[in-house]
Amino acid sequence: MKPATLISLGLICLGAVIVILPFVWMVSVSLKSHAEIFTPHVTLLPRAPTLGNYWHALTETAIPVYLLNGAIVTAGILVLQLAISVPCAYALAHRRFAGRGLLFGAIVAALLVPFHVTAIPVFLGFSRLGILNTYTGLILPFIATAFGLFLLRQAFAQIPAELIDAARVDGMSEMGIAWRVAFPLGMPTVIAFSIFSVTAHWNDLFWPLIATTDPGLATPPRGILYFRDQESGDNIGPLMAGATLVTAPLVLAFLLAQRRFAQGLAGAGLKR
């Protein structure tokens, strides 16, 4: 192997270790007893692994409720995002109408605007509507996504126009083409977007922190704060067990869908 290749591989391995090490340490601490965690000797692997921290996190705290809330919120956001983004992205890719280029340019520009910029007006509006401290208040701000529109539009634009015309000749409606032709053909990109969406909203702390005060509606990151403040104290083991339980679903989902994830990103190339 050439020296340049060895250097590149070494840097990649170093980067992977830097990224993975905190997660390995989190799992390791979650399997250690209280006495072993606070020993003066640092060991990466637990000497006597125990699941007691996980039992404590699941039975003596509201971690299961936080996980359920996270599943409800992320699933609701994803379903509504796809319901809006798929037909809109199809129209941008395969329909001709006045202002289409301007509209697509506005969507691209919206990618530059973080949600934090609009959070205060959204918060005030939701307060007037009385939907704070509800699942609706946690889901509604994210159902329209510029990133989803852009990504799916790029994927749908690669579908041959002849295929779309053939579906129209067969009498299929435009909505039917969007869901029965474009959606299945763009499935790798849909999966890639789904992973981005679920990861972003499962890990989101900013909006749940200001939109909810009810612990019963806390999503996993918000719940970890309650857990840390009220339950853990200096009992780091259950806290790390809770963090592991919050992180594990995302890791498993990505491992199961990583091939489609890579295909989706590769398939959503830049096409005018």
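How many aromatic pairs does the count come to? In this predicted model the count comes to eight aromatic pairs, where rings of Phe, Tyr and Trp (its six-membered ring) pair if their centres lie within 6.5 Å. Local features need pLDDT of at least 70 and side-chain atom pairs pLDDT 80 or more, whereas totals for chains, interfaces and linings use all residues. Residues are numbered from 1 along each chain as its sequence is written, and side-chain values use heavy atoms, without hydrogens and water.

**View 1. Packing of helices α8 and α11.** Helix α8 (residues 146–156) and helix α11 (residues 187–202) pack at an angle of about 165°, with their axes 10 Å apart. The two helices are therefore roughly antiparallel (angles over 145 degrees). Phe-147, Gly-148, Leu-151, Leu-152 and Ala-155 of α8 meet Thr-189, Val-190, Phe-193 and Phe-196 of α11, contact being heavy atoms within 4.5 Å. These residues divide into seven nonpolar, two polar and no charged.

**View 2. The pair Phe-115 and Phe-142.** The rings of Phe-115 and Phe-142 lie 4.8 Å apart centre to centre, with 45° between the planes, and form a tilted pair (stacked is under 30 degrees, edge-to-face over 60, tilted the rest). Phe-115 belongs to helix α6 (residues 115–129) and Phe-142 to the loop between α7 (135–139) and α8, so the pair ties together parts 27 residues apart in sequence. Phe-142 counts as buried at 11% relative accessibility (buried is under 20%, exposed over 50%, partly exposed in between; 1.4 Å probe, protein chains only).

**View 3. The pair Phe-115 and Phe-206.** Phe-115 and Phe-206 form an edge-to-face pair, 6.4 Å centre to centre with 85° between the planes. Phe-206 lies in helix α12 (residues 206–211), so this pair ties together parts 91 residues apart in sequence. Phe-206 is partly exposed, at 32% relative accessible area.

Definitions and conventions: Axes are lines fitted to C-alpha atoms, for helices over the stretch in contact, and angles run from 0 to 180 degrees between N-to-C directions. Helices (H or I, at least four residues) and strands (E, at least two) are DSSP runs, numbered from the N terminus. Angles under 35 degrees count as roughly parallel, over 145 as roughly antiparallel, 65 to 115 as roughly perpendicular and the rest as oblique. Ala, Val, Leu, Ile, Met, Phe, Trp, Tyr, Cys and Pro count as nonpolar, Asp, Glu, Lys and Arg as charged, and the others, Gly among them, as polar.
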